[in-house]
Amino acid sequence: MGTVLERVGQVSQKIADQFLIKGVEEKYSRVTKSMDKSIVAARNRLISSRNEIMELGSAPSPQNPQVIRALFVNLGIETKRLKTWTDIRRKVTSQLLKEIFTFDPMSPTAVDSLAEVEELLKDITAKDLEADGEGVGSIHAFLHAQLKVRDKALADTAQKDLHDKQMAYAREFASKLRPQLQPPSSPKQTAAAKKKATTTQVAAAFSGSKPLVRGANAETAAARAAPDPPKKQQITQIKFGAFKQ
């Protein structure tokens, strides 16, 4: 009979957990949508373990109190206010659960805390967590999920920076190599280019614009384009016409 009641109680607890998780996700959907899926899963485990976490507030110090200290650091509480286990357990209240429900892992406070959180958790083993129970284990999993997401983001950023540098080098190398890859001009293309240049220069000379060539070629083109000088008879007529007036 006792076993049946225990199972009923466990089922009821799971149903209550699911309703609570669903309510949290709906109420704080903006925060939940910004979370990585692994952090959401760890947070939901934390919510399901809320009774075990609340019991820490009246229990002796666990084997790894730095896990709970790291949680409060993650939530924005300074380490100097968490020196002893008494300091820590006094903060294990219903307010803690509310802060977990509304927690945003992308907030500056949460992101900046991860270096200190990592330092607090660095010496903890899986065996240590087993000794401390589900409450401490769920807190550790929640913090560890954030650290993994951060590390992946840093690795992706480093990979992107490396890719951008490689692409910039490739573009620079290609720009230097491109002139060497241009096919040489054939004799026919060279002759056509020279003919086009000559035509352009003569046209410029006749239009009175500055010749496009220099030296003897420019003088020859200008001489050919200049009008013929007036004949002697025309000059005489102009002079006599001037005297008559």
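User: How is the model to be read, and how many helices does the chain have?

Analyst: This is a predicted model, in which local features need pLDDT of at least 70 and side-chain atom pairs count only at pLDDT 80 or more, while totals for chains, interfaces and linings use all residues. Residues are numbered from 1 along each chain as its sequence is written, and side-chain values use heavy atoms, with hydrogens and water left out. Helices (H or I, at least four residues) and strands (E, at least two) are DSSP runs, numbered from the N terminus. On that basis the chain has zero strands, and its number of helices is 12.

User: What share of the 245 residues in the chain is buried?

Analyst: Buried means under 20% relative accessible area, exposed means over 50%, and partly exposed is in between, with a 1.4 Å probe and protein chains only. Of the 245 residues in the chain, the buried share is 28%.

User: How many residues of helix α5 are buried?

Analyst: Helix α5 spans residues 65-74 and is mostly covered. The buried residues include Pro65 and Asn74, as well as Ile68, Leu71 and Phe72. The count for α5 is 10 of its 10 residues.

User: Are α5 and α8 roughly parallel or roughly antiparallel to each other?

Analyst: Axes are lines fitted to C-alpha atoms, for helices over the stretch in contact, and angles run from 0 to 180 degrees between N-to-C directions. Angles under 35 degrees count as roughly parallel, over 145 as roughly antiparallel, 65 to 115 as roughly perpendicular and the rest as oblique. Helix α8 (residues 108-121) packs with α5 at an angle of about 170°, the axes being 8 Å apart. The two helices, α5 and α8, are therefore roughly antiparallel.

User: Which residues does Gln66 touch, not counting residues up to four places away in sequence?

Analyst: Gln66 has its place in helix α5, and its C-alpha is 9.5 Å from that of Leu82, a residue 16 apart from Gln66 in sequence. Contact means heavy atoms within 4.5 Å. Leaving out residues up to four places away in sequence, Gln66 touches Leu120, Leu121 and Ile124.

User: Which residues form the aromatic pair?

Analyst: Rings of Phe, Tyr and Trp (its six-membered ring) pair if their centres lie within 6.5 Å, and planes under 30 degrees apart count as stacked, over 60 as edge-to-face and the rest as tilted. The structure holds one such pair, which is edge-to-face, with 5.4 Å centre to centre and 65° between the planes. One partner lies in the loop between α7 and α8 and the other in helix α9, so the pair ties together parts that are 39 residues apart in sequence. The two residues are Phe103 and Phe142.

User: Is Ser61 buried, partly exposed or exposed?

Analyst: Ser61 lies in the loop between α4 and α5, and its C-alpha is separated by 9.4 Å from that of Ile88, 27 residues apart along the chain. Because its relative accessibility is 38%, Ser61 counts as partly exposed.
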